[in-house]
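Please look through the sequence and the model below before reading on. The report after them is written for a reader new to protein structure.

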Amino acid sequence: MSWLVRLEVKMETARSEGILDNYAWHKKLWNCFPDVPDQKRTEIGFLTRIDSLEGAFRLWVISKQEPTRPQWCPPDGFAVNEISPSFLSHRNYAFDLRANPVKAAVQKDSKGEP
């Protein structure tokens with residue numbers, strides 16, 4: 001991953017765009033990658049963090065591909081920076097994690113049983 005993006009979006013905008021939960025944010029953030037066809041999305045991928053602010057949301061996105069500003073994000077609410085390869089070359093990192101599952105996959109045995 002080599003790009004870090006900050007998006008700040010007002011709650012009114014999120015509401016009018018139908019962004020009401022984490023899954024909706026995840027789907028909407030694909031607007032930052034308009035040239036990526038659906039079948040290539042797993043190759044690109046991105047990680048996000050969504051923070052609620054007073055009257056707005058702040059999103060952090062890290063991705064392999066450089067994102068573009070989606071039309072629903074105001075220009076002054078969008079900032080993108082390239083991450084130095086040396087920063088991502090360390091052996092260990094410390095961070096806070098909030099997991100929001102977006103897909104349930106059932107594993108089956110050789111008989112096709114879950």
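The text below goes through the fold, the salt bridges, the cysteines and one proline.

**Basis of the values**

This is a predicted model, in which local features need pLDDT of at least 70 and side-chain atom pairs count only at pLDDT 80 or more, while totals for chains, interfaces and linings use all residues. Residues are numbered from 1 along each chain as its sequence is written, and side-chain values use heavy atoms, with hydrogens and water left out.

**The fold**

The chain has three helices and four strands. Here helices (H or I, at least four residues) and strands (E, at least two) are DSSP runs, numbered from the N terminus. In sequence order the pattern reads β-α-α-α-β-β-β.

The four strands make up an open sheet with antiparallel pairing, in the order E2-E3-E1-E4. Two strands are said to pair if DSSP finds at least two bridges between them. Strand E2 (46-53) and strand E4 (78-82) are at the edges with a single partner strand each, so one side of each has no neighbour in the sheet. From one strand to the next, the twist averages 15 degrees. Angles run from 0 to 180 degrees between N-to-C directions, and axes are lines fitted to C-alpha atoms, for helices over the stretch in contact.

E1 and E4 run antiparallel and are joined by five bridges. Within this pair, tryptophan 3 has glutamate 82 in E4 as its bridge partner. Helix H2 (residues 22-29) packs on the sheet, where it touches E1, E2 and E3, and its direction makes about 125 degrees with that of E2.

E2 and E3 are paired in the antiparallel sense through eight bridges. Opposite phenylalanine 46 stands serine 63 in E3. The hairpin of E2 and E3 has two residues between the strands, and glycine 55 in this hairpin takes a positive phi near 80 degrees.

Some totals describe the chain as a whole. Of its 114 residues, 27% count as buried; buried means under 20% relative accessible area, exposed over 50%, and partly exposed in between (1.4 Å probe, protein chains only). Among contacts with a separation of 6 or more, 66% are between residues 24 or more positions apart, a contact being heavy atoms within 4.5 Å. The accessible surface of the chain is about 8500 Å², and carbon and sulfur atoms account for 50% of this area. Accessible areas come from the Shrake-Rupley method with a 1.4 Å probe, and for residues only the protein chains shown count as cover.

**Salt bridges**

Side chains of opposite charge can pair when their charged atoms come close. A salt bridge is counted when a side-chain nitrogen of Lys or Arg is within 4 Å of a carboxyl oxygen of Asp or Glu. The structure holds four salt bridges, and the table lists some of them.

| Glutamate 8 | Arginine 6 | 3.4 Å |

Glutamate 8 lies in strand E1 (residues 3-10) and arginine 58 in strand E3 (residues 56-63), so their pair ties together parts that are 50 residues apart in sequence. Glutamate 8 is partly exposed at 26% relative accessible area.

Through shared partners, salt bridges join Arg6, Glu8 and Arg58 into one network.

**Cysteines**

A disulfide is a covalent bond between the sulfur atoms of two cysteines. The cut-off used here is a pair of cysteine sulfur atoms within 2.5 Å. The structure holds zero disulfides. Cysteine 32 is in no disulfide, and the nearest cysteine sulfur, that of cysteine 73, is 7.4 Å away. Cysteine 32 is buried, with 3% relative accessible area, and cysteine 73 is buried at 1%.

**Proline 70**

Where in the chain is proline 70 found? Proline 70 sits in the loop between E3 and E4 and is buried, at 3% relative accessibility. Leaving out residues up to four places away in sequence, proline 70 touches Leu7, Asn31, Cys32 and Phe78. Proline 34 is 36 residues from proline 70 in sequence, while their C-alpha atoms are 8.7 Å apart in space.
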